[in-house]
Amino acid sequence: MNVDGVPYRTIWLADDGWSVEIIDQTRLPHEFIIARLNTWQDAVRAISDMLVRGAPLIGVTGAYGMCLAMHEAPSDGMLQRAAGQLRSARPTAVNLAWAIDLMAEALSPLDPGAREQASYALAAELADDDVEACRMIGVHGATLIQSVADRKSGPVNILTHCNAGWLATVDHGTALSPIYTAHDKGVPVHVWVDETRPRNQGAGLTAWELNRHGVPHTVVVDNAGGHLMQQGLV
C-alpha cells in the first residue's frame, strides 16, 4: 500500500539481499521508522515485542527469521534452536507456528549447504502468497461495496474495529483490502474507525494507514459503533 505516495510492504529484504527490514509498528502513528533484522534473535524480538503484529505478517516474519538463522549457520542444531524459539515468540499466533513448521519441514531434508538459498526462496513465496490472497479479498469484497454505492447517494460508510489492514499482513490487508480496492477504483468510501481500546489499534494503526493512503475516515470511540449502526450511518 501507499505511504504518502510511496508503495510499501510491511516486510522486505534489505539492499544487502539477506537482512530483513520491517515497519516498526510500536512507533506508529507518531513516527514512521524502518527497523532492520540482522539476526534470527532480532526476528524473535520483533514478534514478541509487537514491532510486527497481525497473524499473516507474524507468520512471514517467522519465516524470514528462519532465513536469518540459516544465513548464520545452516546446521541441524541451528535449525531446531531457531525454530523452537521463533515458534514460542507469540504462542497465540497460528500463522507463526504454521510458517515455522513449513520452513523446518522443507529445510530439514536438505544438505546444509543448500538450506540458506532454499529458505529465502520459500519465505519469499510465503510473502507473495499472502499478498495475492489479500489482493483477492479486496477484489471480491470491493464488489459488495460497489453494490451498496450503486444503491445510495453519498459515500459508503464502513465501520472497522481493531486493525485488519495492510499493517497486519504483508500487503493490502484482510478486512480493509476491499476498502482500499474500492477507493482506488473511485468508489466513494468513508470509514468509521473504532479506537479499539486498550491498545488503540484502530486509532493508532487503522487510522494511520487509511490517512496515508488517502481514504476518508473518522476515528470514533468504541461505544459509538452501536449508535452509528442504530442511526443507519453504517
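Author: An open sheet is formed by three strands with parallel pairing, in the order β6-β7-β8. Strands (E, at least two residues) and helices (H or I, at least four) are DSSP runs numbered from the N terminus, and two strands pair if DSSP finds at least two bridges between them. This is a predicted model: local features need pLDDT of at least 70, side-chain atom pairs count only at pLDDT 80 or more, and totals for chains, interfaces and linings use all residues. Residues are numbered from 1 along each chain as its sequence is written, and side-chain values use heavy atoms, without hydrogens and water.

Reader: What angle does the direction of helix α7 make with that of β7?

Author: Helix α7 (residues 201-213) packs on the sheet and touches β6, β7 and β8, where contact means heavy atoms within 4.5 Å. Axes are lines fitted to C-alpha atoms, for helices over the stretch in contact, and angles run from 0 to 180 degrees between N-to-C directions. The angle between the directions of α7 and β7 is about 160 degrees.

Reader: At what angle do the axes of α4 and α5 cross?

Author: The axes of helix α4 (residues 94-107) and helix α5 (residues 112-151) come within 10 Å. Residues making the contact include Trp-98 of α4 and Arg-115 of α5. The axes cross at roughly 145 degrees.
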